[in-house]
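Here is a short report for a first reading. Keep the sequence and the structure side by side as you go.

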Amino acid sequence: MKIQARNSNEAIWRDIYAHAKLPVQLAPLQEISTNLWWAWNHEATDLFEKIDPVLWEKTEGNPILFLQKLTHKQMNELMADGDAMSRIHSVHNQFTTYLQAPPNRAKPSIAYFSMEYGLTHVLKIYSGGLGILAGDYLKEASDSNIDLVAVGFLYRYGYFTQSLSIDGQQVANYEAQNFEQLPLTQVLDEAGVPLLLEVPYPGRIVYAHVWKVSVGRVPLYLMDTDIPENSEWDRSITHQLYGGDWENRMKQEYLLGIGGILLLNRLDIRKQVYHCNEGHAALINVQRLVDYIQQEKLDFNEALEIVRASSLYTVHTPVTAGHDYFDEALFGKYMSEFPAKLKISWTDFIDMGRENPGSSEKFCMSTFALNTCQEANGVSWLHGVVSRMMFAPVWKGYFPEELHVGYVTNGVHMPTWTASEWKVYYAKIFDPNFPNDQSNKAIWDAIQLAPDSEIWEIRKKLKNKLIDYIKFEYRDNWLKNQGDPLKVVALLEKINPNALLIGFGRRFATYKRAHLLFTDLNRLAQIVNNEKRPVQFVFTGKAHPADGGGQGLIRHIVEISRRPEFLGKILFLENYDMRLARRLISGVDVWLNTPTRPLEASGTSGEKAEMNGVLNFSVLDGWWYEGYKPGAGWALTDKRTYENQEYQDQLDAATIYHMLEDEIIPLYFSKNSKGYSPEWIQYIKNSISQIAPDYTMKRMLDDYISRFYNKLVTRSVALAENNYAQAREIVEWKREVAAHWDSVAVESFRYDDSVSYLVVGEDNLFQIVIDRKELKSDVGIDLVCTKENPENYRMEFISSTPFTLVKEEGSRLYFELKIKTSEFGHLKVGFRLYPANERLPHRMDFPYVRWIQPE
């Protein structure tokens, strides 16, 4: 028999990662690198950079990758350098002292759920403002010693990296993250092997590895389904942030909600408050309901009382279209097994996600969140108003102005977004307790006494750092995209540190109106080509890959920037990320924001600019609606002149040109013999002292605690005491009301004959007798006064005045109201009957209402 000449199976390969092992003397560097504390403490990043500035830049400021690439020679040199080792031990001592502080048990403990977290440019698990806010929130929770745990996803590809083609078209590049080179650690189980979380999906188990990101004192747990145990279909769940079709979105939100709670259960983590950062996380309350029903033996309604009393939903979108809606068939494909676990019908379950129960509406995650969270909030004062109008259909017996939906205006984590130059300067002139008392304006007022020249020197230094960054980071890209090297050289030479530099950086959605500045190109050309008062604009931002309008706008701006009259005067910087953002919001002179009002829920980029002495020029929308102060920035009015948006855009563009030409540019260039404008410096001082203190993440976290977390903890603890006694009593009360509500009758309704023609300032008497029949519970009555808005014909709420219960005879309740009218004109009044229970957090908790008719 002939011996076979060849016999080889297919090669079997295994990934291994080779890198230098740090000597024990350098272990402090390893400890610091694996905790994102370094991301907001410049002493730590300075420490790494001084070891090897070239390598630090090459590794894009990633300390994990940086240490992996250190050579043995560099390590030995470092250990022999006494000054360097002293710096290492100094920063490490600062780090360990910070970590040793115990949580503040006087403050509520929080479980926080979000689809994205913007913590550092190194960890690509964010796309924009929602993620940046969530990342800032974790950092401040750590600084404030809050007992908080966060849950999210470790995306294999994250959000896309943006590049531009030679014709200015956005190119979305999805680059796989190498988890071994990221500041995170894999969670192990009791046997010391990677923890494998099992999440039951319909007909199968989806498995997830779990990774821990240490954000100072706060743990962030990230689920990862891109592992061999899953099918290709399920491995992709955590591939991309906001990627794929609606079914993939359903799978992601299922994993965040159901899987997120199962993860905390697996880790034996329990918190007092559960916070949904957007509706994406709403399904956490499904699994929490199941847990209470199965483990605590509560029925559905009792479990709902407990879950609702410990839940907060934060909405970030101002338009209905921004919420997630799922077809019943798709929703049922993934959620059909839960009604049996909850011991309710499918109809009852899906109706919790509908504004109109019993209809054929799609299931809305936000509506479900509203129905399973006691508290809800928008992210600015104006967004709170918009949110109440947006959510009013959920509670049809009440006007938007009466709803419980509140607000907390977004803030920014000051240590992250304040340039190190400013942090050093603030430490020099502010009270030593400033980091713990950031909202104290008396501390910030010290900036008013600072020498103008010192303020100007910091601003000049930061502008030059931005310009150097642009020239270094974008030269090669521009050479690739511009085609002509001579044009690139000319462009770089035209970036002028003496020019007024205006920045615009944000997601390129059409409502952001980045196009406004380019409405009149001739007028714009005159502005940027004035040799005595040069002005330059820097634009940056990504458009969602499915947003053709946003991508077209980017291409349009790039095309304009390449015209001879705008070359070097209009710049577009590709791949807007946290690293670029930190440079931009600290290096420009003015931060421009031009959204269509009222579509900016909050916005935080302008708040970051405030921390760095950069002045805002923005539409009065979002946070700037509250923040604007004359003499500390500039504002476009919040009032509309035209219903036609195109006309309004033209008017707003003309206003922008006018304010630039007549106010902003002249102020900047009113320079004295020392080379700066004292009036401009005064604007900076006013901005820092009058605006910045109100927009820190410290203030925002304090607001969440005082407005929402404390009340949730107080009530949820009370409901759970004595084996959920109060929760059970409230459920019985609701059952009794529901059973007998329709039998309640109006026995009499008396009022003055002249009630249709009220005289302002005179008393009017109303008397109502209610027969409760079989109902044992209390009821209340309101007189609701409204007035029609002549512009939009909407019935606008004016006031709600409660009747007084003056007598009770058997099942009859005698109510009376004596009231003076203060409103003039044509009014509409209604009389609203409702069940009354002082143990409810608000009337939306049980929104039974009956409008009653006078005799």
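Is D268 buried or exposed? D268 is exposed, with a relative accessible area of 60%. The model is predicted.

## Two residues with positive phi

D268 sits in the loop between helix 9 (246-266) and strand 9. D268 is not a glycine, yet its phi is positive, about 60°.

Y724 has a positive phi too, about 65°, and is not a glycine either. Y724 is part of helix 29. With 11% relative accessibility, Y724 counts as buried, because the cut-off for buried is under 20%.

Strand 16 (residues 535-540) pairs with strand 17 in the parallel sense, over 4 bridges. There, T540 stands opposite L573 of strand 17.

Strand 10 covers residues 311-314. S311 and Y313 point one way from the strand, while L312 and T314 point the other way. All of them are buried.

Strand 10 pairs with strand 9 (residues 273-277): the two run parallel and are joined by 4 bridges. C276 stands opposite Y313 of strand 10. Strand 10 also pairs with strand 13 (residues 375-378), in the parallel sense, over 3 bridges. Here the bridge partner of T314 is N377 in strand 13.

## Nonpolar cores

How many residues does the largest nonpolar core have? It has 169 residues. L148, L220 and M335 have the most contacts inside it. Helix 29 (residues 697-740) gives the most to this core, with 15 residues.

L220 shows what such contacts look like. Not counting residues up to four places away in sequence, L220 touches Y117, L119, I125, L138, A150, V151, G152, W211, K212, V213 and V215. A second, separate core has 91 residues, including L567, Y576, Y668 and F669. In soluble globular proteins, nonpolar side chains tend to be buried together.

## Aromatic pairs

The structure holds 58 aromatic pairs. One of them joins Y201 and Y334. This pair is edge-to-face, 6.2 Å centre to centre, with 90° between the planes. Y201 lies in strand 6 (residues 196-201) and Y334 in helix 12 (residues 328-335), so the pair ties together parts 133 residues apart in sequence. Both Y201 and Y334 are buried.

F399 and F797 form a tilted pair, 5.8 Å centre to centre, with 40° between the planes. F399 lies in the loop between helix 16 (381-391) and strand 14 (406-407), and F797 in strand 24 (residues 795-802), so this pair ties together parts 398 residues apart in sequence. F399 and F797 are buried. Elsewhere, ring pairs link W456, W634, Y668, F669, Y676, W680 and Y683 into a cluster.

Helix 24 (residues 578-587) is mostly covered, with 8 of its 10 residues buried. Which residues of helix 24 are buried? They are M578, R579, L580, A581, L584, I585, S586 and G587. At the start of helix 24, a side-chain oxygen of D577 comes within 3.1 Å of the backbone nitrogen of R579.

T96 is in helix 6 (residues 82-100). T96 counts as buried at 19% relative accessibility, because buried means under 20%. A polar atom of the T96 side chain lies 3.1 Å from the backbone oxygen of N93.

Note on methods: Residues numbered from 1 in each chain as written. Predicted model: local features only at pLDDT ≥ 70, side-chain atom pairs only at ≥ 80, totals over all residues. Heavy atoms only, no water. Pairing = 2+ DSSP bridges. Core = buried A, V, L, I, M, F, W, Y, C linked by side-chain atoms within 4.5 Å. Buried < 20%, exposed > 50% of the residue type's maximum accessible area, 1.4 Å probe, protein only. Contact = heavy atoms within 4.5 Å. Polar contact = N/O pair within 3.5 Å; in protein donor to acceptor, adjacent residues only side chain to side chain. Phe/Tyr/Trp six-rings, centres within 6.5 Å; stacked < 30°, edge-to-face > 60°.
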